[in-house]
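Please consult the sequence and the model shown below alongside the text.

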Amino acid sequence: MNLPQLKVAEYLLKEEAVFLRPNDPFTWASGIKSPIYCDNRQLISNPEARKFITQCFCDLIIKYFPETNLVAGTSTAGIPWAAWVANELNLPMVYVRSSPKEHGRENLVEGKLKANSKVVVIEDLISTGGSSYKVVEALQKENMDVQGLLAIFSYEFRRANQMFESANLPVHTLTSFQNLLKTAQKLNFLEESDTNKVEKWREQFL
């Protein structure tokens with residue numbers, strides 16, 4: 001695990017952006033019973049974490065997508081990160097709604113678009129990947145050239161990985177499920193026996 005991945009995982013745990021309850025599972029909106037719950041919005045309240053994560057996103061864009069000339073945020077959790085990244089890189093920014101506006105111009109994508117812009121999408125979390133991919137499709141329908149998708153955290157579910165691979169969409173995350181578990185055990189957020197329970201839960205999605 002490299003240093004940025006470790007530090008991001010530490011922020012997730014220490015800022016309570018991730019909760020681990022192997023013996024009292026959460027229920028996701030999808031109905032999935034899970035020993036882990038992510039609320040990465042907690043990170044926006046910590047200036048130190050905010051600056052570090054923004055810089056990590058910028059570093060990934062510079063390294064993997066140097067031709068990027070537009071940053072897009074997912075609604076709503078990706079919007080602040082996209083704004084901070086766009087500001088840091090001095091690039092324009094848009095965001096994509098979860099559904100079209102119900103009045104006015106009924107926009108799905110908010111902000112000025114220029115055809116064939118090279119876009120990187122900023123997301124906070126990837127689980128099954130469905131909502132992230134809808135954002136990519138919405139931008140592509142607007143004749144945007146989507147370069148890739150960035151996120152703070154991923155559960156690394158096979159379904160999401162296969163979806164992105166079949167779409168030929170590069171995806172990079174600041175940390176991952178495996179990195180988070182290793183850090184949680186190292187920092188005593190989880191006992192080894194509970195770590196095994198969480199890993200076994202995830203096996204059903206591999």
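The face of helix α5 that is turned away from its buried side carries Glu 165 and Ser 166, both exposed; exposed means over 50% relative accessible area, buried under 20% and partly exposed in between, with a 1.4 Å probe and protein chains only. Helices (H or I, at least four residues) and strands (E, at least two) are DSSP runs numbered from the N terminus. The model is predicted, so local features need pLDDT of at least 70 and side-chain atom pairs count only at pLDDT 80 or more, while totals for chains, interfaces and linings use all residues. Residues are numbered from 1 along each chain as its sequence is written, and side-chain values use heavy atoms, with hydrogens and water left out.

**Helix α5**

- Helix α5 spans residues 158-166, and its residues Ala 160, Met 163 and Phe 164 are buried.
- Seen down the axis of α5, the buried residues fall within an arc of 90 degrees, so they line one face of the helix; the arc is taken from the directions from the helix axis to the C-beta atoms.
- The cover over these buried residues includes β8 (118-126), α4 (130-141), β9 (145-154) and β10 (171-176), where contact means heavy atoms within 4.5 Å.
- Asn 168 follows α5 and has a positive phi, near 55 degrees.

**Packing of α1 and α2**

- Two packed helices are described by the angle and the distance between their axes.
- The axes of α1 and α2 (residues 47-64) come within 11 Å and cross at roughly 145 degrees; axes are lines fitted to C-alpha atoms, for helices over the stretch in contact, with angles from 0 to 180 degrees between N-to-C directions.
- Pro 4, Lys 7, Val 8 and Tyr 11 of α1 make the contact with Glu 48, Ala 49, Phe 52, Ile 53 and Cys 56 of α2.
- The residues of this contact comprise seven nonpolar, no polar and two charged; Ala, Val, Leu, Ile, Met, Phe, Trp, Tyr, Cys and Pro count as nonpolar, Asp, Glu, Lys and Arg as charged, and the others, Gly among them, as polar.

**Backbone features in loops**

- Most residues other than glycine have a negative phi, and most peptide bonds are trans.
- Glu 16, in the loop between α1 (3-14) and β1 (18-20), has a positive phi of about 55 degrees although it is not a glycine.
- Glu 16 is partly exposed, with a relative accessible area of 48%.
- The peptide bond from Ser 75 to Thr 76 is cis, with omega near 0 degrees, and Thr 76 is found in the loop between β5 (70-74) and α3 (79-89).
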